[in-house]
Amino acid sequence: MKIILASKSPRRKELLEKLGLEFEIRSAPREEEMDPNKDVVSEVGRVSAAKALSVPATDDELVISSDTVVDLDGVVLGKPGSEDEAKQMLSALSGRGHVVHTAVTVKQGERIRTEVSSTAVWFRELTDGEIDAYVQSGEPMDKAGAYGAQGLGSLLVQRIDGDFFTVMGLPVCTLGQMLKEFEVDIL
C-alpha cells in the first residue's frame with residue numbers, strides 16, 4: 001500500500017522515516033484556517049481531516065495528515081507571522097504552562113479517522129535577551145507557538161506531561177495504533 005504524507009513539515013517527514021515507513025509527500029494545496037469561535041480540539045481535528053481530504057489520492061493509497069496548535073488559556077497560538085509576533089508568543093509562554101494539541105488523520109478511500117493528542121508543556125521563566133536570541137536563530141518561525149521542543153527550544157521547556165511527539169507535531173504512538181486499524185503494522 002502506498003502511503004502519502006500530506007505535509008511539508010520536515011519534522012513529520014523525519015518521524016515517519018524513523019518509523020521505517022516508505023512514503024511520498026503530497027502537501028495540502030492550501031492551509032486551512034481554524035475558527036477561533038469554536039472549540040480548539042474540535043477545530044484542530046477538523047483542519048487535520050480537511051488536509052487529508054484535500055490531497056488527491058487513489059482508493060488504495062493511505063493518506064496521513066496532521067495539524068498542531070498551542071493553546072494558552074484558550075488562545076490559539078499558530079505559526080508566527082513575524083519576528084515581533086514570535087517574541088510576543090514566547091513572552092506570553094514564559095514561566096507558564098500551556099497545552100499542545102496535535103491532530104492526526106489517516107484516510108484511505110472513503111474511510112477516514114482523526115485522533116487528537118494533547119500534551120501539557122511548561123516553560124521556565126525567560127529573559128528578553130533569551131527570547132531575542134532564540135528568535136534570531138530562526139527556529140521559531142515555522143512552528144506553532146514559536147518554538148520547537150526538539151531543537152534549541154528544548155532550552156526553554158522545563159517540563160512536559162504527555163507525548164513528546166505531540167509537541168513535535170506528530171503523535172507517533174497514536175498514529176501507530178491508527179495505522180493498525182488500516183492494516184499497516186509498523187512493528
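User: What makes the pair R113 and E181 a salt bridge?

Analyst: In this predicted model, the closest N and O atoms of R113 and E181 are 2.5 Å apart. The cut-off is 4 Å between a side-chain nitrogen of Lys or Arg and a carboxyl oxygen of Asp or Glu. The value lies within that limit, so the pair counts as a salt bridge. R113 sits in strand β6 and E181 in helix α6 (residues 172-181), 68 residues apart.

User: Why is R113 called partly exposed?

Analyst: R113 has 25% relative accessibility. Buried means under 20% and exposed over 50%. The value falls in between, so R113 is partly exposed. E181, at 34%, is partly exposed by the same rule.

User: How do you know that D132 and K87 meet in a salt bridge?

Analyst: Their N to O distance is 3.4 Å. That is within the 4 Å limit, so the pair qualifies. D132 lies in helix α4 and K87 in helix α3, so the pair ties together parts that are 45 residues apart in sequence. D132 is partly exposed at 33%, and K87 is partly exposed at 23%.

User: Which parts of the chain does the D67 and K51 pair link?

Analyst: The side chains of D67 and K51 meet in a salt bridge at 3.0 Å, N to O. D67 is in strand β3, K51 in helix α2 (residues 40-54), and 16 residues separate them. D67 has a relative accessible area of 10% and K51 has 7%. Both values are under 20%, so both residues count as buried.

User: How many salt bridges does the structure hold?

Analyst: The structure holds 14. K2, E24, R26 and E61 are linked in a network of salt bridges.

User: Why is H101 called buried?

Analyst: H101 has a relative accessible area of 6%. The threshold is under 20%, so H101 is buried. H101 is found in strand β5 (residues 97-108). Beyond its neighbours within four places in sequence, its contacts include V40, V69, D71, V116 and S118.

User: What makes the link between the side chains of H101 and S118 a polar contact?

Analyst: The value is 2.7 Å.

User: What puts the buried residues of α3 on the same side?

Analyst: The buried residues of α3 (residues 83-93) are A86, M89, L90 and L93. They cover an arc of only 95° around the axis, which puts them on the same side of α3. The face turned away from that side carries the exposed residues D84 and Q88. Among the elements covering the buried residues are β3 (61-72), β6 (111-123) and α4 (128-136). G95 follows α3 and has a positive phi near 70°.

User: Is D73 buried or exposed?

Analyst: D73 has 61% relative accessibility. D73 is found in the loop between β3 and β4. Its phi is near 55°, a positive value in a residue other than glycine.

User: Why does A146 count as buried?

Analyst: A146 has 0% relative accessibility. That is under 20%, so A146 is buried. A146 lies in the loop between α4 and β7 (157-161). A146 is not a glycine, although its phi is positive, about 65°.

How values were computed:
Residues numbered from 1 in each chain as written. Predicted model: local features only at pLDDT ≥ 70, side-chain atom pairs only at ≥ 80, totals over all residues. Heavy atoms only, no water. Helix = DSSP H or I, 4+ residues; strand = E, 2+ residues; numbered from the N terminus. Buried < 20%, exposed > 50% of the residue type's maximum accessible area, 1.4 Å probe, protein only. Polar contact = N/O pair within 3.5 Å; in protein donor to acceptor, adjacent residues only side chain to side chain. Contact = heavy atoms within 4.5 Å. Arc of directions from axis to C-beta.
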